[in-house]
Amino acid sequence: MSGRTHARVCPERTCVGCRERAAKDDLLRIVAIEGECVPDPRGTLPGRGAYLHRTRVCLDLAVRRRVFPRAFRGRGPFDVTALRRFVERTHVDQAAPVDQATP
Ligand SMILES: [Zn+2]
């Protein structure tokens with residue numbers, strides 16, 4: 001008898017940027033379509049997916065460590081232009097507040 005309460009809690013995925021585990025809902029799914037990293041916020045696109053925090057920090061980490069060719073089992077380089085634009089539009093990190101109070 002397995003007394004494990006390993007119920008289906010929220011599924012976890014590993015961010016390919018910072019390598020931290022997070023709830024799937026907190027991460028952005030990315031798929032590769034013809035050499036381009038495409039954000040898949042609704043998780044509906046077919047194919048192998050990679051997961052990333054919606055932050056520029058994690059995106060930069062992923063790019064610098066060249067995780068996409070590994071994640072997508074492809075040659076690369078993968079174009080992250082669309083992905084970067086998406087992250088910049090939706091990113092939630094408050095690491096760099098815009099200084100608007102400059103006199
Ligand atoms: Zn991350």
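Colleague: How much of the chain's 103 residues do buried residues make up, and what makes a residue buried?

Modeller: Buried residues make up 26% of the 103. A residue is buried if 20 or more other C-beta atoms lie within 10 Å of its own, exposed if 12 or fewer, and partly exposed in between, with C-beta atoms placed from the backbone. Keep in mind that this is a predicted model: local features need pLDDT of at least 70, side-chain atom pairs count only at pLDDT 80 or more, and totals for chains, interfaces and linings use all residues. Residues are numbered from 1 along each chain as its sequence is written.

Colleague: Okay, then why is Arg64 called exposed?

Modeller: Just count! Arg64 has 9 C-beta neighbours inside 10 Å, and exposed means 12 or fewer, so Arg64 counts as exposed. Arg64 lies in helix H1.

Colleague: What makes something a helix or a strand here, and how many of each does the chain have?

Modeller: They're DSSP runs numbered from the N terminus: helices are H or I with at least four residues, strands are E with at least two. By that rule the chain has 3 helices and 5 strands, running β-β-β-β-β-α-α-α from the N terminus on.

Colleague: What makes a set of residues a nonpolar core, and how many residues does the largest one have?

Modeller: You need buried Ala, Val, Leu, Ile, Met, Phe, Trp, Tyr and Cys residues joined through C-beta atoms within 7 Å. The largest such set has 21 residues, and Ala50, Leu52 and Phe68 have the most contacts inside it. S3 gives the most to this core, with 4 residues.

Colleague: What does Phe68 touch?

Modeller: Leaving out residues up to four places away in sequence, Phe68 touches Ala32, Cys37, Ala50, Ala62, Gly76 and Phe78. A contact means two C-beta atoms, placed from the backbone, within 7 Å.

Colleague: And how do you know that S3 and S4 pair?

Modeller: Pairing takes at least two DSSP bridges between two strands. S3 and S4 run antiparallel and are joined by 4 bridges, so they pair.
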